[in-house]
Amino acid sequence: MPDIRGQLLPIYLLVDESMSMGSNIAELEAGLNALHAALLAEPMAAAKVRLSVIGFSDDAVLRLDLADIRTLTDLPRLAKRGRTSYAAAFAELERRIPDDVKKLKRGGYQVHRPAVYFLSDGEPTDGRAWEPIHARLVDRARTPAAPNIIACGIGDADAETILSVATEPRYAFIAASSTDVGASVAKFCVELTKSVVKSGRTLATDSPELVMNPPEGFRLVIDVV
């Protein structure tokens, strides 16, 4: 058996770029830069993760291919555009994750189940077309690398929909309706950074786990639906 170079956690940030996100795209970009800085300050944790960024609206656009964040000088820009196709978002993950995991394994790494951080501020504009694609994506019998999905809803996002997107109830969070959307984005980014750093740290222990707590101002969906 070939030597294992190390353990890796592939992380996908799947973010809503629809027109309704408006000026909050800037908050997301600031959050990405903060995540980058935090991981550069935590080289042991950063060494354990690989990050990809995908923006979705009418279609899904790869903003950052799965990368070692320590090698990057800056993170990608996002773009306000179009509507909110959940189907496009999950189809992109369905195509991309198995190939990414195979590539990492060919590189000699032991790969942990990918983690997807999903953020949306509204209902899908393509109805329920996303549901069968999502079902295939998270089907572990069909796809051994099926990801864990942490879903966060802000603005006009529907709690039940967010609960359906998350792979476990403990991974579904909704912002309080009274919270400003820009503030919700910023708080999501703060918790995202904590989650990635903490999860990366656990890979160096005997008990690796995906760590995620509700962002400030968010609640578990299971408590509100």
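Modeller: Buried here means under 20% relative accessible area, exposed over 50%, and partly exposed in between, with a 1.4 Å probe and protein chains only. This is a predicted model, in which local features need pLDDT of at least 70 and side-chain atom pairs count only at pLDDT 80 or more, while totals for chains, interfaces and linings use all residues. Residues are numbered from 1 along each chain as its sequence is written, and side-chain values use heavy atoms, with hydrogens and water left out.

Cys152 is buried, at a relative accessible area of 0%. Cys189 is likewise buried, with a value of 5%. The structure holds zero disulfides, a disulfide being a pair of cysteine sulfur atoms within 2.5 Å. For Cys152, the nearest cysteine sulfur is that of Cys189, 10 Å away.

Cys189 also takes part in a helix contact, with heavy atoms within 4.5 Å: Val185, Ala186, Cys189 and Leu192 are among the H6 residues involved, and Leu28, Gly31 and Leu35 are among those of H1. Helices are DSSP runs (H or I, at least four residues), numbered from the N terminus. The axes of H1 (residues 24–40) and H6 (residues 181–202) come within 9 Å and cross at roughly 20°; axes are lines fitted to C-alpha atoms over the stretch in contact, and angles run from 0 to 180 degrees between N-to-C directions. H1 is therefore roughly parallel to H6, as angles under 35 degrees count as such, over 145 as roughly antiparallel, 65 to 115 as roughly perpendicular and the rest as oblique.

Terms used:
Helix = DSSP H or I, 4+ residues; strand = E, 2+ residues; numbered from the N terminus.
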